[in-house]
Amino acid sequence: VPAAPPPARALSPRQEIALVRTACGSDFRAYCGNVRLGGGRAVACLRANAASLSSGCQSALLGARGAR
């Protein structure tokens, strides 16, 4: 069983939407399509599915961790 990703710093709503749209759009639709944007829900869902995400989305999530 893969370990859960460590808690991440919160992104602003604008940063969250930009991340989802630019790097993780298809991953978001595939794994988190029923999740509403805002409140960190989209990024939390993507992180929960990190092992299944595309390499570009994984890289964006890792970069977002150190962004704040």
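Residues are numbered from 1 along each chain as its sequence is written, and side-chain values use heavy atoms, with hydrogens and water left out. Because the model is predicted, local features need pLDDT of at least 70 and side-chain atom pairs count only at pLDDT 80 or more, whereas totals for chains, interfaces and linings use all residues.

The mean pLDDT (the predictor's confidence in each residue, from 0 to 100) of the protein is 81, and 79% of the residues score at least 70. Confidence is lowest in H1, with a mean of 80, and highest in H2, with a mean of 94.

The protein contains four helices and zero strands. Helices (H or I, at least four residues) and strands (E, at least two) are DSSP runs, numbered from the N terminus. The order of the elements from the N terminus is α-α-α-α. Of the 68 residues, 29% are buried; buried means under 20% relative accessible area, exposed over 50%, and partly exposed in between (1.4 Å probe, protein chains only). Contacts (heavy atoms within 4.5 Å) between residues at least 6 apart in sequence include 47% that join residues at least 24 apart.

Two packed helices are described by the angle between their axes and the distance between the axes. Axes are lines fitted to C-alpha atoms, for helices over the stretch in contact, and angles run from 0 to 180 degrees between N-to-C directions. Angles under 35 degrees count as roughly parallel, over 145 as roughly antiparallel, 65 to 115 as roughly perpendicular and the rest as oblique.

Helix H1 (residues 13–22) packs on H3 at an angle of about 45°, and the axes are 9 Å apart. H1 and H3 are therefore oblique to each other. On the H1 side the contact is formed by Glu16, Leu19 and Val20, and on the H3 side by Arg41, Ala42, Val43 and Leu46. These residues of the contact of H1 with H3 comprise five nonpolar, no polar and two charged. Here Ala, Val, Leu, Ile, Met, Phe, Trp, Tyr, Cys and Pro count as nonpolar, Asp, Glu, Lys and Arg as charged, and the others, Gly among them, as polar.

The axes of helix H2 (residues 25–32) and helix H3 (residues 41–48) come within 10 Å and cross at roughly 80°, and H2 and H3 are therefore roughly perpendicular to each other. From H2, Asp27, Phe28, Tyr31 and Cys32 meet Ala42, Cys45 and Leu46 of H3. The residues of this contact of H2 with H3 are six nonpolar, no polar and one charged.

Two disulfides (pairs of cysteine sulfur atoms within 2.5 Å) are found in the whole structure. Counting bonded cysteines along the chain, their pattern is 1-4, 2-3.

The torsion about the S-S bond of cysteine 24 and cysteine 57 is about 105°, so the disulfide is right-handed. Cysteine 24 has 0% relative accessibility and counts as buried; cysteine 57, at 0%, also counts as buried.

Another disulfide joins cysteine 32 to cysteine 45, with an S to S distance of 2.0 Å. Cysteine 32 lies in helix H2 and cysteine 45 in helix H3, so this pair ties together parts that are 13 residues apart in sequence. For cysteine 32 and cysteine 45 the torsion about the S-S bond is about -95°, so the disulfide is left-handed. Both cysteine 32 and cysteine 45 are buried.
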